[in-house]
2 protein chains.
Amino acid sequence: MSDHFRNAVIKKLNNGDFDCTKEFTVSMFSGKHKLLILWILINDGPQGFSYFMKRLKGISKKVLSNQLNELIGDQIVSKREYLSGKVHHTEYQLTDIGQTLIPIVIALNDWGENRLKQVSLVKKFNNDL
Amino acid sequence: MSDHFRNAVIKKLNNGDFDCTKEFTVSMFSGKHKLLILWILINDGPQGFSYFMKRLKGISKKVLSNQLNELIGDQIVSKREYLSGKVHHTEYQLTDIGQTLIPIVIALNDWGENRLKQVSLVKKFNNDL
DNA sequence: CAGGATCCACCCTGATACTG
DNA sequence: CAGTATCAGGGTGGATCCTG
């Protein structure tokens, strides 16, 4: 999923079409890594830019920066900056609004876990024949 | 959202990376219209191809066909075909697996509804100043 | 009625290089 | 450390035309 989706939803909203409530929610985490970013924030608490770089292996700075900024724009995540010496540090954390997404993220995770379990059981079964 | 996301998840799974359970769930409705398709199926029950064409104004046949086929591939939706005279008819409906997504779709909708309500209240408030 | 085939435009992701 | 700028690649949605 990319942000074709997010952009489409934003367009709809700008056009006064407020009848896309589910899409709106999904647009909060449409973006290849946003869900993982949220997951990390939920489980590991507030983190800095480099922490996400480590956890999201393969992600580029630009993309990480974009996704974080979109989350900030959606008021799901907030950012704090500070300097220690000459070095620039950051800390990202869930906003109050972001926290209301937690049950949904967990539900998504649970559903996926169960489904993948089923799928692999079926695979195993077929392999056993 | 498009299926960058879906494809990425499928790739991960094929690589034996089963640690993307939330992404897997989201990939079920990654695709610009899938969520609406599911919503229609949930609220209006089984429907034919043309019904979706009417409800999803602006969607092209190809895209609708693609999204339905992906939903079928994910075993979220099943399809029945029959001919009346020389005319080809279809009926799509949620599978048992698809039905397990209902609570999630509803949760997505509720969250979006509440959030949009907040947003428009804030807007109204600012306009009233 | 359903839907496959083609061509096109858009945009997101990814890689690299540069800056405060 | 935390980004931004730029460029290339790949994929999806959209429009149109054709078929069983």
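## The nonpolar core

The largest nonpolar core has 63 residues, and those that touch the most other members are A:Phe29, A:Leu38, A:Ile76, B:Phe29, B:Leu38 and B:Ile76. A nonpolar core here is a set of buried Ala, Val, Leu, Ile, Met, Phe, Trp, Tyr and Cys residues joined through side-chain atoms within 4.5 Å. Buried means under 20% relative accessible area, exposed means over 50%, and partly exposed lies in between (1.4 Å probe, protein chains only). Helix H3 of chain A, residues 34-44, gives the largest share of this core, with seven residues. Helices (H or I, at least four residues) and strands (E, at least two) are DSSP runs, numbered from the N terminus. In soluble globular proteins, nonpolar side chains tend to be buried together.

A:Leu38 is in contact (heavy atoms within 4.5 Å) with A:Phe29, A:Leu71, A:Ile76, A:Val77, A:Leu94, A:Leu101 and A:Val105, leaving aside neighbours within four places in sequence. In chain B, the buried residues of H3 are B:Lys34, B:Leu35, B:Ile37, B:Leu38, B:Trp39, B:Ile40 and B:Leu41. After H3(B) comes B:Gly45, which has a positive phi near 75 degrees.

## Basis of the model

This is a predicted model, in which local features need pLDDT of at least 70 and side-chain atom pairs count only at pLDDT 80 or more, while totals for chains, interfaces and linings use all residues. Residues are numbered from 1 along each chain as its sequence is written, chains are lettered from A and ligands numbered from 1 in the order in which they are written, and side-chain values use heavy atoms, with hydrogens and water left out.

## Where the chains meet

In the interface, 42 residues of chain B are in contact with 41 residues of chain A. The buried area is about 3500 Å², and carbon and sulfur atoms give 74% of it. Buried area is the accessible area (1.4 Å probe) that two parts lose on being put together, summed over both. Eight residue pairs, with both residues at pLDDT 80 or more, are in polar contact across this interface. A polar contact is a pair of N or O atoms within 3.5 Å; within protein, one must be able to donate a hydrogen and the other to accept it, and residues adjacent in sequence count only if both atoms are side-chain atoms.

On the side of chain B that touches chain A, the elements giving two or more residues are H1 (3-14), H2 (21-28), H3 (34-44) and H7 (102-128) of chain B. H7(B) gives the most, with 12 residues.

A:Glu70 lies in H5 (residues 61-73) of chain A and A:Lys34 in H3 of chain A, so the pair ties together parts 36 residues apart in sequence. A:Lys34 counts as buried because its relative accessibility is 0%. A network of salt bridges links A:Arg6, A:Lys34, A:Glu70 and A:Asp74. In chain B, the side chains of B:Asp44 and B:Arg55 meet in a salt bridge at 2.6 Å, N to O. B:Asp44 is partly exposed at 30% relative accessible area, and B:Arg55 is partly exposed at 40%.

Technical notes. Salt bridge = Lys/Arg side-chain N within 4 Å of Asp/Glu carboxyl O.
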